[in-house]
Amino acid sequence: MVVLLSTVLTNLGVRLLNKTCCAAQLVSSSNLCLLPELSLLSTETRNRRYSVVCLLGKQEAVNQTKEQNHSSKTRSRKRVRKLVLSEGKEEDENYGLICPGCGVFMQDEDPNLPGYYRKRTITIKRDVLEQEDYEDQIDDFDGLDEHGDADEEFKIDIEGATRKERRLTEGGDFIWDYDEFDVLIKVDKDDLDLNGFAPAGVGYGNITEEIVEKERRRKEERKLTKAKKKRIAREAKRESDEVTVCARCHSLRNYGDVKSQTAENLIPDFDFNRLITSRLMKTTGSGNATVVVMVVDCVDFDGSFPRRATKCLFEALELAKNDPRASKKLPKLVLVATKVDLLPSQISPTRLDRWVRHRARAGGAPKLSGVYLASARKDLGVKSLLSFIKELAGPRGNVWVIGAQNAGKSTLINAFSKKEGAKIAKLTEASVPGTTLGILRIQGILSAKAKMYDTPGLLHPYLMSMRLNREEQKMIEIRKELQPRTYRMKVGQTVHVGGLLRLDLNEASVETIYVTVWASPSVSLHLGKRENADELWRNHFGIRLQPPIGNDRASELGTREEKEIKVAGTSWDVNSIDIAVGGLGWLSLGLKGEATLTLWAYDGIEITLREPLVLDRAPFLERPGFWLPKAISDAIGNQTKIEAKKRKKFQQNCTIHPLEVSA
């Protein structure tokens, strides 16, 4: 009876103690008082069983509290995670499908929101399948010749042989004198498989080692028929096509432009300091190193160098320079100068490496773990760079690829995956600034459990390209090896670089200086007198002085500001100084003496004076006047023809016929 009552009491206590332990204690104590049979038990036994009941209730209450906290945290996280961009964390995959091309969370509900995509639908056409099967059957017989294998060439038609056998028999007796009998039983001696005899080898007849080796290679090649090769190619193509990307990536990959500008405006800005810098500064062990690969564009080195975004990282590395223990735990910095194939071929790699290191120190970078010159398009320096990163990161390290917009980060990572043979989705490559939107965690390129992260491009508002629209950005984009255009300037002359830049020579200790323009060949130039510069700019801005396109774009680009520059040089044969314009290119000056110039540019555009990147100028000089690209020249010519036709038609309509006058 006592055992039964204790069991009932325990179950009752567990049920009543689900919410709080205090309520359970009150209920249990009241039950103890109401049941007089429990008084027969000793005090120690009652306390022991009472404590067991309390512990059970308390443990269940704690578990329930944890579940409630976890569910509320998950709900709050899901509420917050109505996110647009991924952060490169493992739990990001739990909140939705991530675009492997740009790192945006994908959705298939509203095409006017970021990350829209269409679900893949597989439609199989019967005629296509029949055509593929027919090609496979035909290809099985390709490659056979007179000396083919007996198993592939000697094939017996059972039904046909049965019909012949019926014709050869009359009344059950076999006709031995039938002519088709010899044809039926005739078998090539080479096709006979004679057991007990070894195949003919070297030394038999005219058979040599070359013939035997050639026959062996032919048999190995026949093992993989053309049909199998085509089937393997089709399967590989299907696997590559199965990767689903968002509509934005699809449009950028196929058309080079953004599909929906409405969705583009809803994409939030990327917070580099919150999402990347805080994770980079976490100290790591020696076997779990963090490597920061800083990608910089050689053609626009000063404009693409991320000194502002990585300022805190530079300061931490500079402070830890004298502390060996702290320097081991901080990230390792590797500088990669990309697009070296776009620079003039006369630059030697040694001089370019020295120039890159000098400009990196001028930008505030501390001691670098490595400096590499690479070109993902031409596959230059990619293999050695990847080997160095693997060695530096170790088996469990994290590699962060950072850089300015359109610096070539995604293109470099795609070159890594191609060189390593990693089966990963290709990152979206486009000349549009800000192609990558979120942090993409990439596995398979590095060894063991090391991870590589592709980060969004850093926004540099001081670049000239940020002021232009998409058509104008294409005009200033450098796609081929740079070619110089050199002018000989006198005092009182000016050079226009499209409608974006103007350089005046005010004073000089010498009669002339050389000015070499390093910019896209789609940018028009003009050399003329300084007193006519303002009138020329008003009349030809956006027409002959392109980019920008259209004379109404002047007010949208900003206010023009003048900056006085004093330069000095020691020789006319080589360039003495560069004037770099962020997002456009640079001007090289060659002189033997001193000169004072005025540079006209839009407010907020970064102007940098630096040592010359290319020492040589163009082999020939440009004439004064307009230097127009073929596209601009053709457009102006067509417009002139159209206007001439309109004037001619208008004059014909206004002319009165003589007969009408006499009438």
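**First stop: a helix with two sides**

Select K311 and L319, the exposed residues on the face of α14 turned away from its buried side. Exposed means over 50% relative accessible area, buried under 20%, and partly exposed in between (1.4 Å probe, protein chains only). Helices (H or I, at least four residues) and strands (E, at least two) are DSSP runs, numbered from the N terminus. The structure is a predicted model, in which local features need pLDDT of at least 70 and side-chain atom pairs count only at pLDDT 80 or more, while totals for chains, interfaces and linings use all residues. Residues are numbered from 1 along each chain as its sequence is written, and side-chain values use heavy atoms, with hydrogens and water left out.

Next, select L313, F314, A316 and L317, which are buried in α14. Seen down the axis of α14, these buried residues fall within an arc of 165 degrees, so they line one face of the helix; the arc is that of the directions from the helix axis to the C-beta atoms. An α-helix has 3.6 residues a turn, so residues three or four places apart point the same way. Now display β3 and β4, which are included in what covers the buried residues of α14.

Centre the view on L335. Leaving aside neighbours within four places in sequence, L335 has contacts that include M294, V296, F301, F305 and V356; contact means heavy atoms within 4.5 Å.

The structure holds 2 cavities of 30 Å³ or more. On a 1 Å grid over the protein atoms alone, a cavity is a set of points where a 1.4 Å probe fits but cannot get out, and lining residues have an atom within 4 Å of a point. Grid points are joined across faces, edges and corners, and a volume is the space filled by probe spheres set on the points.

The second largest cavity has a volume of about 50 Å³. To see its lining, select residues including V497, L501, W518, G585 and W586. The largest share of this lining, 3 residues, comes from β16. The lining divides into 9 nonpolar residues, 1 polar and no charged.

Most residues other than glycine have a negative phi, and most peptide bonds are trans. Select Q546 and P547, which are joined by a cis peptide bond with omega of about -10 degrees. The bond from P547 to P548 is also cis, with omega near 5 degrees. P547 lies in the loop between α20 (533-540) and α21 (554-557).

Then select K339, in the loop between β4 and α16. K339 is not a glycine, although its phi is positive, about 60 degrees. K339 is partly exposed, with a relative accessible area of 22%.

Where is N406 found? N406 is in the loop between β6 and α18 (409-420), and has a positive phi of about 65 degrees although it is not a glycine. N406 is partly exposed, with a relative accessible area of 32%.

Key. On a 1 Å grid over the protein atoms alone, a cavity is a set of points where a 1.4 Å probe fits but cannot get out, and a pocket is an open set with protein on both sides within 12 Å along at least five of seven lines; lining residues have an atom within 4 Å of a point. Ala, Val, Leu, Ile, Met, Phe, Trp, Tyr, Cys and Pro count as nonpolar, Asp, Glu, Lys and Arg as charged, and the others, Gly among them, as polar.
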